[in-house]
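Please open the model in a viewer and keep the selection panel at hand.

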Number of protein chains: 2
Amino acid sequence: MTKSNLDLIEECDSFPYYQTDPVAYFASIDTYYQLRVADHDYALGYVLPSVAEIFRGLPSWTLDDDERTLTLMAGDTAAERSEVVMRTVVAMRETGHFKVLSKWRNELYPVYGKNRELLFNVERCASPLLGIVTYGVHLVAYVKGKDGSLKLWIPRRARTKQTYGGMLDNAVAGGIASGEGPFECLVRECEEEASLPEALVREKAKACGTVTYSYVRDERAGGETRLLQPECQFVYDIELPEDVIPKPGDDEVEEFYLWSADEVKEAMARGEFKPNCAAVTLDFFIRHGIVTYESEKDYIEIVSRLHRRLEFPTL
Amino acid sequence: MTKSNLDLIEECDSFPYYQTDPVAYFASIDTYYQLRVADHDYALGYVLPSVAEIFRGLPSWTLDDDERTLTLMAGDTAAERSEVVMRTVVAMRETGHFKVLSKWRNELYPVYGKNRELLFNVERCASPLLGIVTYGVHLVAYVKGKDGSLKLWIPRRARTKQTYGGMLDNAVAGGIASGEGPFECLVRECEEEASLPEALVREKAKACGTVTYSYVRDERAGGETRLLQPECQFVYDIELPEDVIPKPGDDEVEEFYLWSADEVKEAMARGEFKPNCAAVTLDFFIRHGIVTYESEKDYIEIVSRLHRRLEFPTL
């Protein structure tokens with residue numbers, strides 16, 4: 001079955017919009033609890049009731065069923081709150097209750113307040129339980145032919161990978177840990193994932209904006225489903241010289257293909273791309289005039305949805 | 001006083017967001033009436049009460065103060081509805097009540113339904129009274145130096161122009177009339193406004209997405225203030241050869257400057273750009289890696305707000 005570009009966006013930006021469907025939006029919102037920290041009167045994420053339930057009665061946390069809030073009560077500083085969150089998450093991992101916690105990353109993700117202050121850090125694998133915004137970098141690497149047409153370097157994820165195994169990806173993609181800047185993260189990931197030399201990346205990689213969306217996790221993400229995962233991807237383009245061939249730097253990537261835009265579109269329509277990588281590739285096609293209003297009936301909706309305004313404070 | 005890039009976005013995308021400020025959003029929404037057509041159960045635009053009041057008792061229109069809707073009751077087809085709307089607007093012009101109607105354009109703008117069907121057309125100058133989505137094209141024309149740095153062609157609007165007189169603009173910008181495609185509109189406007197040859201534009205102009213926002217009209221737009229004007233601009237880039245110099249094709253433009261990115265940023269910070277042209281230029285800077293996360297503290301918010309999801313059906 002062929003997927004339209006809007007189908008691909010729907011898979012990635014799967015949480016309803018207030019603007020266009022308030023009924024579905026409120027029905028969804030009402031199934032979650034707002035994550036808060038004490039003395040901060042706004043949501044930092046949305047937590048499923050089945051997850052919130054596990055926090056009931058835990059020291060340092062308050063669950064309010066009327067207000068539908070889950071509030072971290074302990075800690076006055078980011079360091080103190082982070083310690084409490086870590087203790088909670090470690091304890092939850094030990095019970096084995098949440099599958100997502102079995103893939104411990106030893107990497108901290110940040111949660112920001114409305115004044116862009118760090119409120120706390122949390123172990124990466126626990127972030128979808130809290131429904132908080134996470135940050136990443138995605139790079140599209142391409143080669144320009146003499147006729148001006150573009151070919152894209154597309155990696156296939158190792159089939160043994162637990163999440164989205166065997167699916168197509170962006171040339172480089174990775175999560176931004178707490179305290180790391182997006183461009184520095186990109187330089188590091190380019191080396192690790194595609195063996196692209198640091199000097200080349202610093203010279204040639206170009207920041208091109210962000211792609212933001214609210215993903216509702218399904219089976220392919222692994223672990224619990226219906227967890228909300230709002231994401232902000234910093235997107236970069238790099239035009240590679242013909243003699244630079246990306247090489248998998250670890251066993252996470254099976255191989256790299258060099259495909260024309262049409263070949264990439266066909267693979268997208270077959271549903272072979274990891275959902276957020278399809279979205280980032282679509283953003284690339286739009287910015288480069290490869291997908292246009294004249295060729296794409298859902299152009300206006302797609303461009304907006306690639307840049308969703310998230311309801312939580314961001315970096 | 002120096003304006004930040006977020007200040008510039010605020011001037012253009014000035015309607016509150018449900019996501020980040022539901023209180024302000026509902027306070028704003030509640031001051032408007034929803035524009036509808038009969039048997040279509042959703043808003044096509046937001047109408048100020050002072051405007052809606054003038055429709056009270058008019059044949060073919062129903063004002064419902066409880067539901068806060070203004071509904072066009074007559075007409076089963078786009079042609080029939082368009083005729084009624086035209087008759088209404090012509091009658092309103094004759095009373096001289098609305099200042100915006102004094103600048104009659106003899107150009108029809110389309111209003112679409114949820115299935116992307118044309119519901120009716122309306123004279124361009126009346127569109128802000130109805131608060132409907134309007135469409136346009138904006139082109140950023142640039143020259144690439146040997147060192148890779150970009151210079152932008154920036155026109156200054158004639159000081160005699162009634163709206164935004166003397167302010168800076170995008171190389172080419174214009175509204176898309178009903179039935180016209182964005183790219184064809186661009187080709188026409190490039191010839192009319194900047195004397196750019198059709199063949200060059202067809203070969204070199206590149207579609208780069210849309211910039212969408214909800215503008216609340218202020219004094220500089222001319223006519224009534226506080227009218228809502230949601231807009232969708234199709235944005236294009238063109239890299240011009242050094243020997244192609246844009247020339248004003250009519251008396252709407254005073255002169256063209258060729259400015260470095262820094263010179264453009266300074267003029268933006270001085271508030272010299274027409275608000276939506278500042279937004280389109282900012283989108284260009286973001287797509288070209290000239291404004292980055294590392295250089296712009298409001299990067300994530302700005303990128304999202306340049307691509308607002310409008311609450312009305314679009315093309």
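**First stop: a helix in chain A.** The model is a predicted one. Select helix H8 of chain A, residues 261–269. Its buried residues are Ala261(A), Val264(A), Ala267(A), Met268(A) and Ala269(A). In general, residues three or four places apart on an α-helix point the same way, because there are 3.6 residues a turn. Next, display what surrounds the buried residues of H8(A): they pack against H1, strand S8 (150–157), strand S12 (253–260) and helix H9 (275–287) of chain A. Then move past the end of the helix to Gly271(A), which follows H8(A) and has a positive phi, near 75 degrees.

**Second stop: aromatic pairs.** Over all chains, the whole structure contains 39 aromatic pairs. Tyr18(A) belongs to the loop between helix H1 (5–12) and helix H2 (22–29) of chain A, while Phe26(B) is in helix H2 of chain B, so the pair joins two chains.

Now select Phe234(A) and Tyr299(B). This pair is stacked, because the planes lie at 10 degrees, with 6.2 Å between the ring centres. Phe234(A) is part of strand S11 of chain A and Tyr299(B) of helix H10 (residues 299–305) of chain B, so this pair also joins two chains. Phe234(A) is buried, with a relative accessible area of 2%, and Tyr299(B) is buried at 2% as well.

Select Arg309(A) with Tyr17(B): the charged end of the arginine sits over the tyrosine ring, 4.4 Å from its centre. Then select Arg309(B) with Tyr17(A), where the charged end likewise sits over the ring, 4.4 Å from the ring centre.

**Last stop: the largest pocket.** Which residues lie nearest the centre of the largest pocket? Select Tyr142(A), Lys144(A), Lys206(A), Lys144(B) and Lys206(B) to find them, among 46 lining residues. The volume of this pocket is about 1,500 Å³. To show the elements that each supply at least two lining residues, select strand S7 (134–144), helix H7 (198–204), strand S10 (206–216) and strand S11 (228–239) in chain A and likewise in chain B. Coloured by class, the lining shows 19 nonpolar, 10 polar and 17 charged residues.

Conventions: Residues numbered from 1 in each chain as written. Chains lettered and ligands numbered in written order. Predicted model: local features only at pLDDT ≥ 70, side-chain atom pairs only at ≥ 80, totals over all residues. Heavy atoms only, no water. 1 Å grid on protein atoms, 1.4 Å probe; cavity = no way out; pocket = protein on both sides within 12 Å on 5 of 7 lines; lining within 4 Å. Points joined across faces, edges and corners; volume = space filled by probe spheres on them. Helix = DSSP H or I, 4+ residues; strand = E, 2+ residues; numbered from the N terminus. Nonpolar A, V, L, I, M, F, W, Y, C, P; charged D, E, K, R; others polar. Phe/Tyr/Trp six-rings, centres within 6.5 Å; stacked < 30°, edge-to-face > 60°. Buried < 20%, exposed > 50% of the residue type's maximum accessible area, 1.4 Å probe, protein only. Lys NZ or Arg CZ within 6 Å of the ring centre and 35° of its normal. Contact = heavy atoms within 4.5 Å.
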